[in-house]
Amino acid sequence: MSVALTLTEPRPRKAAPRHLADLDLAGCQSVLSEIGQPAFRAKQLRQQYFGRHVGDAALMTDLPAASRDAIGEALLPQLLQPIKVDSCDDGKTVKAVWRLYDGALVESVIMAYPDRVTACVSSQAGCGMACPFCATGQGGLDRNLTTAEIVDQVVAAARIAAERGLGRLSNIVFMGMGEPLANWARLKNALHLITGPVPDGIGLSARNITVSTVGLVPTIKKLSEEGLPVTLAVSLHAPDDELRDELVPINTRWKVAEVLEAAWEYARVTKRRVSIEYAMIRDVNDQPWRADLLGKLLAGKLVHVNLIPLNPTPGSRWDASPKPVEAEFVRRLRAAGVSTTVRDTRGQEIDGACGQLAASVREAGTPGRAGAKPGGAAGAAD
Ligand code: SAH
């Protein structure tokens, strides 16, 4: 074994532990038969996990006590080790940092509103899209999450929401770490499990799920063909290619016009209003002429714009736009007939605790300062 080889080979990855959320019913049944358990336990387990959000076989009182350990080991390993679970906003926002089996870290955020409970979940550990204003983008991609790691964040969020008296989990936004459409196969399976009826899924409404993307055009098309009426959110951040090439580097591959074309096609096929996300960055993308250009591109479409006050990341040279500049941007978009709201900044004062993700989770339709109507921000609630 040469030293040179050791240095140049990528660190071998441990295989992900087997989990029922990575298997279908037949797969669960065959694992159970391997460990000498009756096949009917598969339905029981799935009912407990997807329907009652119990992730630990030791707590499943409908299983014989003597079999719980073996069943848990075979099908319900703990995928998410809580590293930190913080709350802010009077307990109405909870941020969890999880360690995965190989040491990778991901975050989820749970936010309680009067009319819904939203979880913001991660689709990848890290992100390869390299948007310069985004904290996750600076660290690069670590790896794709497995389907079970995505689904388990949703199950954990439902459990946390219930335990903390926040209400029943109703909405999911894929605005945590990662580019969901860059992990398409796993995301697609996770979406089916999140929306499938109990005991084959968690049973949330596809209409309450938002998938946010930098704009991977061919995969937006695949999503539109999936028959899942989820809300598509496109992180545009600039109406012109020159600036978007810099802010969202994948724009060098798929230009503004192509991304918007894919978004309109998505709206046509799914009849869902598309969300356009636009981080307001002082003196970078907040000029009146850019508002007018954006308004021209979006006028007459089935679309809603979410302006996100930039959440400055450590070491970044960029800052949020001043409020009057933001207000003028909103005014111009609305004058063009484009439905527009500014994302709520609840929780901003405790950024240290709620951080980047908390800023990105506002999407799910909180009434914004700029006269948003409830449920009007991301279309996640409409
Ligand atoms: N990769 C996906 C989803 C992750 S981020 C995407 O890009 O859409 C969810 C949203 O938060 C995106 O619109 C992203 O551009 C935005 N975002 C990232 N960093 C931000 C920051 N520092 N301030 C405000 N919004 C940010």
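**Backbone and side chains**

Modeller: Asp89 sits in the loop between β1 (81-88) and β2 (93-99); helices (H or I, at least four residues) and strands (E, at least two) are DSSP runs, numbered from the N terminus. The model is predicted: local features need pLDDT of at least 70, side-chain atom pairs count only at pLDDT 80 or more, and totals for chains, interfaces and linings use all residues. Residues are numbered from 1 along each chain as its sequence is written, and side-chain values use heavy atoms, with hydrogens and water left out.

Biologist: What is the phi of Asp89?
Modeller: Phi of Asp89 is near 50 degrees, a positive value in a residue other than glycine. Most residues other than glycine have a negative phi.

Biologist: Is Asp89 buried or exposed?
Modeller: Asp89 is buried, with a relative accessible area of 16%. Buried means under 20% relative accessible area, exposed over 50%, and partly exposed in between (1.4 Å probe, protein chains only).

Biologist: And where is His237 found?
Modeller: His237 belongs to the loop between β9 (231-235) and α9. Its phi is near 70 degrees, again positive in a residue other than glycine, and His237 counts as buried at 5% relative accessibility.

Biologist: Changing topic, how many aromatic pairs does the structure hold?
Modeller: The structure holds 2 aromatic pairs. Rings of Phe, Tyr and Trp (its six-membered ring) pair if their centres lie within 6.5 Å; planes under 30 degrees apart count as stacked, over 60 as edge-to-face and the rest as tilted. Tyr49 and Phe50 form an edge-to-face pair, 5.1 Å centre to centre with 70 degrees between the planes. Tyr278 and Phe329 form a tilted pair, 5.1 Å centre to centre with 40 degrees between the planes.

Biologist: Which parts of the chain does the pair of Tyr278 and Phe329 link?
Modeller: The pair links distant parts: Tyr278 is in strand β10 (residues 274-280) and Phe329 in helix α12 (residues 323-335), 51 residues apart. Both Tyr278 and Phe329 are buried.

Biologist: Which residues are buried in helix α11?
Modeller: In α11 (residues 288-298), the buried residues are Arg290, Ala291, Leu294, Gly295 and Leu298. They fall within an arc of 140 degrees seen down the axis of α11, so they line one face of the helix. The arc is that of the directions from the helix axis to the C-beta atoms.

Biologist: What do the buried residues of α11 pack against?
Modeller: They pack against α9 (241-247), α10 (256-270), β10, β11 (303-309) and α12, where contact means heavy atoms within 4.5 Å.
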